Amino acid sequence: MDDPVRLTRRTVLAGAAATVAVASLTRETSAASGTRAPSANAVSTAGPFVLPALPYPANALEPQISSRTLGFHHGKHHKAYVDNANALVAGTPLAAKAPEEIVRLAARGEGPADLFDNAAQAWNHSFYWRSMKPKGGGEPTGALLELVQRDFGSTDDLRKQLVQAGASQFGSGWAWLVFDDGKLKVTKTPNAETPLTGAATPLLTVDVWEHAYYLDYQNRRKDYLQAWVERVVDWEFARANLPAAAKGGGK
Ligand code: ZN
């Protein structure tokens with residue numbers, strides 16, 4: 001997009017064309033100052049990737065996650081990944097595929113070089129919003145509780161492992177609860193990496209990029225993770241994601 005200041009200078013120099021150019025500048029300026037997040041690819045919002053509405057109001061996770069954090073995270077960071085991913089597949093055969101498949105194909109080198117990062121981040125964030133809920137936390141139920149007790153000992157041990165995985169992820173990334181090879185496991189991935197590209201089934205995730213917590217916790221990532229596993233995590237979402245064969249629990 002043209003820089004408005006440069007456009008203004010050009011407009012002045014343009015003489016006779018100035019009136020028309022100013023009219024167009026005015027439109028651009030009012031669009032840019034609106035509530036929509038600025039994006040390099042704001043024109044391309046249609047495509048396989050969708051920015052989902054948050055499953056709860058932006059202030060519903062307070063005080064653990066502020067509406068300011070959630071607003072920026074969803075409306076700017078996630079939106080940019082969605083817009084970029086859609087722009088990168090537009091006009092290619094990848095545009096007809098499902099997001100999960102695009103992530104897997106991009107991980108194997110299909111598409112432009114930056115497709116994987118944007119596509120995986122678009123998918124990971126949609127999964128993250130649903131891994132949380134207002135008044136979350138507590139204990140898992142049903143088959144998930146049985147598997148947690150079998151594979152971790154207790155929910156408290158699972159919480160500790162999730163906090164430890166997220167806190168020890170060097171730099172940006174994600175901590176995950178996955179179902180892998182017949183067992184629940186806690187894993188972590190750097191940057192945009194996601195279990196989608198491997199054999200494990202992702203059950204839930206917590207975002208440990210600084211943009212997920214810095215406004216609320218600054219450098220205290222561990223405090224964010226602790227609050228997350230105690231008050232925000234949605235175990236029901238994880239339980240719903242168990243593969244059919246695991247839904248009988250640990251019996
Ligand atoms: Zn994020």
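## A walk through the fold

Of the 251 residues in the protein chain, 35% count as buried. Keep in mind that this is a predicted model. The chain has 10 helices and three strands, and reading along the sequence gives you α-α-α-α-α-α-α-β-β-β-α-α-α. If you look at contacts between residues at least 6 apart in sequence, 68% of them join residues at least 24 apart.

Start with the largest nonpolar core, which has 39 residues. Leu162, Ala175, Leu177 and Trp228 are the ones with the most contacts inside this core. Two or more residues each come from α6 (142-152), α7 (155-168), β1 (173-180), β2 (183-190), β3 (201-207), α9 (221-232) and α10 (235-240). There is also a second, separate core of 20 residues, and Tyr81, Val89, Ala119 and Trp123 are among them.

Setting aside neighbours within four places in sequence, leucine 162 is in contact with Ala175, Leu177, Val186, Val206, Leu225 and Val229.

| Helix pair | Angle between axes | Distance between axes |
|---|---|---|
| α7 and α9 | about 150° | 9 Å |
| α3 and α5 | roughly 135° | within 8 Å |

Take α7 and α9. Angles over 145 degrees count as roughly antiparallel, and α7 and α9 are therefore roughly antiparallel to each other. Their crossing is right-handed. On the α7 side, the contact is made by Arg159, Leu162, Val163, Gly166 and Ala167, while α9 brings Arg221, Lys222, Leu225, Gln226 and Val229. Sorted by class, the contact of α7 with α9 has five nonpolar, two polar and three charged residues.

What do the buried residues of α9 pack against? They sit against α7, β3 and α8 (214-217). The buried set in α9 is Arg221, Tyr224, Leu225, Ala227, Trp228, Val229 and Val232. An α-helix has 3.6 residues a turn, so residues three or four places apart point the same way.

Now α3 and α5, which are oblique to each other. The crossing of α3 and α5 is left-handed. Here α3 supplies His78, Tyr81, Val82, Asn84, Ala85, Leu88 and Val89, and α5 supplies Leu115, Asn118, Ala119, Gln121, Ala122 and His125. The contact of α3 with α5 divides into eight nonpolar, five polar and no charged residues.

**Histidine 78**

Is histidine 78 buried or exposed? Histidine 78 lies in helix α3 (residues 67-89) and counts as buried, because 25 C-beta neighbours fall inside 10 Å and the cut-off for buried is 20 or more. Not counting residues up to four places away in sequence, histidine 78 touches Leu51, His73 and His125. Leucine 51 is 27 residues from histidine 78 in sequence, yet the two are 7.2 Å apart in space, C-alpha to C-alpha.

**The tail end**

Glycine 249 is in the segment after α10. With 16 C-beta neighbours inside 10 Å, glycine 249 counts as partly exposed. Which residues does glycine 249 contact, leaving aside its neighbours within four places in sequence? They are Gly142, Ala143, Glu146 and Leu147. Glutamine 149 is 100 residues away from glycine 249 in sequence, and their C-alpha atoms are 9.9 Å apart.

Most residues other than glycine have a negative phi, and most peptide bonds are trans. A few spots here go the other way:

- The peptide bond from glutamate 62 to proline 63 is cis, with omega near 5°. Proline 63 is in the loop between α2 (18-32) and α3.
- Asparagine 191 is not a glycine but has a positive phi of about 50°. You'll find asparagine 191 in the loop between β2 and β3, where asparagine 191 is partly exposed, with 16 other C-beta atoms within 10 Å.
- Glutamine 218 has a positive phi as well, near 50°. Glutamine 218 is in the loop between α8 and α9 and counts as exposed, because there are 11 C-beta neighbours inside 10 Å and 12 or fewer is the cut-off for exposed.

Terms used: Residues numbered from 1 in each chain as written. Predicted model: local features only at pLDDT ≥ 70, side-chain atom pairs only at ≥ 80, totals over all residues. Helix = DSSP H or I, 4+ residues; strand = E, 2+ residues; numbered from the N terminus. Contact = placed C-beta atoms within 7 Å. Core = buried A, V, L, I, M, F, W, Y, C linked by C-beta atoms within 7 Å. Axes fitted to C-alpha atoms, helices over the stretch in contact; angles between N-to-C directions. Parallel < 35°, antiparallel > 145°, perpendicular 65-115°, else oblique. Left-handed = near helix turned anticlockwise from the far one by under 90°. Nonpolar A, V, L, I, M, F, W, Y, C, P; charged D, E, K, R; others polar.
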